[in-house]
Amino acid sequence: MAGEKIKIQLAKGPAGEFDTGTDIATVLKTLAPDDRNRPVCAKWNGKSVDLSFSITQPAEVEGIPLDSPEGEDILRHTAAHIMAQAVKELFPGTQVAIGPTIENGFYYDFDTERPLTPEDLDKITQRIKEIIKRDLPVVRSEMPREEALALFAGRQENYKVELINDLADEATVSLYTQGDYVDLCRGPHLPKTSLLRHFKLLSVAGAYWRGDEKKPMLQRIYGTAFARKEDLKKYLHMLEEAKKRDHRKLGRQLELFEINDTAGGGLILYHPKGALLRWILEDFEKQEHLRRGYQPVIGPQILKSDTWRISGHYDYYKENMYFTEIEGKEYGIKPMNCPAHMMIYQSKTRSYRDLPIRFFELGTVHRHEKTGVLHGLLRVRGFTQDDAHIFCLPEQLTDEIIGVIDFIKDVMNVFGFEYTLEISTRPEKSIGSDEDWERATKALQDALLRHDLSYEINEGDGAFYGPKIDVKIRDAIGRSWQCATIQCDFTLPERFQLTYVGSDGSEHRPVMLHRVIFGSLERFMAVLIEHYAGKFPLWLAPTQVVIINITDRQLAYAGKLKERFDAAGIRTELDGRQEKMGYKIREAQMKKIPYMVIVGDREMESSRISLRSRDRGDLGTREVEETLQMIRTEIDERRDGTETDEIGT
RNA sequence: GCCGCUGUAGCUCAACGGUAGAGCAACGCAUUCGUAAUGCGUAGGUUGGAGGUUCGAUUCCUCUCAGCGGCUCCA
């Protein structure tokens with residue numbers, strides 16, 4: 001840098017001439033002295049770098065402010081390093097593994113001498129605050145691989161050594177140092193620790209090294225950090241809100257279901273309200289399927305193991321299945337509905353004119369799930385799928401896939417879910433030929449491409465018998481859930497020797513799609529509970545209306561009203577207890593019942609009612625007939641309840 | 001399955017080596033009330049289960065079951 005000058009262009013700003021080797025911090029200060037965003041990192045020709053990065057060639061640079069999405073990601077990354085430093089200071093002998101940022105936060109995995117407890121989080125938080133106060137510069141350095149290996153080996157950081165060993169093709173590696181703490185890291189990072197201000201450690205958990213259950217279990221600490229205090233507060237508040245929507249909590253509060261120790265984990269006992277909700281969903285699905293040319297079928301709960309051998313489940317799914325024995329013969333409890341549907345297809349000669357054949361079953365299946373994965377209604381051992389198998393001609397495949405996607409779209413619209421699509425490809429443990437897998441995967445892709453639907457690829461995530469399209473829905477507070485899936489299968493028709501007679505008079509093999517819309521009724525109900533925060537739209541609410549009399553004088557009138565509501569097909573309860581009206585209203589509100597019909601002397605004398613909405617409060621008095629019609633319409637239109645509809649007059 | 005935490009009345013929680021208590025719910029009585037809690041009273045528990053330490057265990061230890069936060073896995 002013998003006085004040589006280079007031109008540096010500020011993105012969306014002026015350019016200037018600088019000495020070779022000038023660092024970005026200086027460049028930014030010179031070209032944008034008034035920038036109130038105070039950059040913490042920068043983009044150099046589109047690549048994220050530290051402020052200390054020195055420029056040796058003409059370039060375009062741009063400051064990254066702390067409160068930008070990228071700045072916040074860097075902030076979290078540095079927070080992870082500072083946390084690691086704190087843990088190492090507090091627990092000498094701890095080895096650090098990896099500490100990446102994740103959506104809305106970060107974590108770091110440690111190999112500690114003793115497991116970390118929630119109380120340790122407070123201590124670590126205090127130490128992090130100290131390190132922030134020390135205002136340590138975070139310094140980048142580079143060194144040859146071998147040197148770095150020796151450095152981390154000398155510091156007994158075996159996980160880092162393993163990581164460097166896997167970076168075989170890189171000649172040098174970059175390190176970041178603050179105080180005594182050194183970490184292997186690509187960067188960039190904040191220039192100094194004092195820039196971390198608003199953070200919170202959230203939880204400790206076990207996590208396998210490199211996500212491999214055969215490798216050692218490490219201690220993971222999750223945390224989050226934000227550029228602005230309000231944003232941290234908002235995020236923590238959102239976590240609280242999500243907790244309030246927890247379907248396990250609401251499931252108990254609203255008396256929907258229970259999971260009973262004595263009955264066993266992962267097995268759902270539906271209480272009357274929950275069973276009613278499920279009936280409503282099932283009725284809805286039955287109607288929708290009949291409308292779309294599906295035929296109902298029902299398979300048995302257990303099938304002889306001969307079946308599972310033919311289907312391949314015996315070899316590829318056995319560890320997820322339960323077995324029993326009848327007179328010396330082994331039977332498997334069904335984990336999937338397909339084999340029975342295959343047999344029903346097989347039961348007679350099918351013509352190409354019959355295809356596509358669409359078999360639908362609300363099929364209850366049981367799968368062995370490890371204890372640790374059970375989670376309310378979201379992950380259970382016994383569940384009911386809204387399962388269908390579509391048998392079609394190869395040339396019908398695309399249309400059938402599109403038909404299913406349209407079906408999914410219609411259903412998700414009813415509940416107000418947005419969704420995205422993913423294609424999952426062949427997993428390691430799978431059956432069928434490579435050609436079939438390729439054909440099947442291509443069929444799914446073609447269908448999506450032909451209808452201009454964008455999707456992401458999920459390598460190796462398919463079912464053992466075929467690739468799948470997964471539908472990820474987004475709920476009211478932005479979380480995503482996997483429910484619907486479409487799987488293309490050339491293998492099972494082969495294994496079950498399914499045929500149809502073609503126009504040429506000879507036998508051909510049909511192609512099959514497996515598909516679910518809700519996925520499982522249990523999981524979908526959990527998602528609905530959390531999506532609506534328990535405030536089900538009228539058409540789904542187990543109790544739609546509660547009639548509240550103010551004094552005993554109106555009890556008979558209230559009883560007559562209930563009869564009229566019942567006759568109109570509205571799910572109505574009468575709260576005739578000798579309690580104050582305010583108390584009954586409060587209870588109805590807490591049970592999240594959509595409408596309250598309140599009758600006192602005034603209403604009784606005029607043969608009217610007073611209506612109160614769960615969401616909109618007192619709606620005033622009105623005619624009974626008008627109310628019945630208004631409610632009926634809202635039910636029939638399956639309004640999702642979020643829109644503000646004009647009530648009556 | 002793995003790591004950590006937790007398990008007390010129907011629910012939410014207290015007591016934490018000295019033999020279990022509150023609010024809500026339930027039940028009874030009184031109250032007959034106008035849009036989110038009327039008052040009084042009654043009943044309710046082998047402290048998840050089994051074993052151990054101790055004069056004594058809800059409390060400490062071991063095992064086991066279940067739940068929670070994650071990991072792996074998944075509809």
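The model is a predicted one, in which local features need pLDDT of at least 70 and side-chain atom pairs count only at pLDDT 80 or more, while totals for chains, interfaces and linings use all residues. Residues are numbered from 1 along each chain as its sequence is written, chains are lettered from A and ligands numbered from 1 in the order in which they are written, and side-chain values use heavy atoms, with hydrogens and water left out.

A cavity is a set of points, on a 1 Å grid over the protein atoms alone, where a 1.4 Å probe fits but cannot get out; lining residues have an atom within 4 Å of a point. A volume is the space filled by probe spheres set on the points, which are joined across faces, edges and corners. The second largest cavity holds about 30 Å³ of space. Helix H13 (residues 434-450) gives the largest share of its lining, 3 residues; helices (H or I, at least four residues) and strands (E, at least two) are DSSP runs, numbered from the N terminus. The lining of this cavity divides into 6 nonpolar, 2 polar and 1 charged residues, where Ala, Val, Leu, Ile, Met, Phe, Trp, Tyr, Cys and Pro count as nonpolar, Asp, Glu, Lys and Arg as charged, and the others, Gly among them, as polar.

In total, the structure has 2 cavities of 30 Å³ or more. The largest cavity has a volume of about 140 Å³. Of the 14 residues that line the largest cavity, Leu254, Lys273, Pro542, Lys591 and Ile593 lie nearest its centre. Its lining comprises 6 nonpolar, 3 polar and 5 charged residues.

A pocket, in contrast to a cavity, is an open set with protein on both sides within 12 Å along at least five of seven lines. The largest pocket has a volume of about 1300 Å³. Its lining consists of 42 residues, of which Tyr317, Met336, Arg367, Lys468 and Gln487 lie nearest the centre. Two or more lining residues come from each of S23, S26, strand S27 (480-489) and S30, and S30 gives the largest share, 6 residues. The lining divides into 16 nonpolar, 13 polar and 13 charged residues.

Lys468 lies in strand S26 (residues 468-474). Lys468 counts as buried because its relative accessible area is 14%, and buried means under 20%, exposed over 50% and partly exposed in between (1.4 Å probe, protein chains only). Residues up to four places away in sequence aside, Lys468 touches Glu422, Ile423, Ser424, Leu444, Asp461, Gly462, Ala463, Thr485, Ile486 and Gln487, a contact being heavy atoms within 4.5 Å.

Helix H8 (residues 272-291) has 20 residues and should span 28 Å at 1.5 Å a residue; its end C-alpha atoms are 28 Å apart, which agrees. The expected span is 1.5 Å times one less than the number of residues. Among the buried residues of H8 are Gly274, Leu277, Phe284 and His289. The buried residues of H8 pack against elements including strand S22 (357-366), helix H12 (397-415) and helix H15 (521-531). Gly293, which follows H8, has a positive phi, near 80 degrees.

Phe284 also belongs to a cluster in which ring pairs link it with Phe415, Phe417, Phe518, Phe524 and Trp539.

Conventions
Rings of Phe, Tyr and Trp (its six-membered ring) pair if their centres lie within 6.5 Å; planes under 30 degrees apart count as stacked, over 60 as edge-to-face and the rest as tilted.
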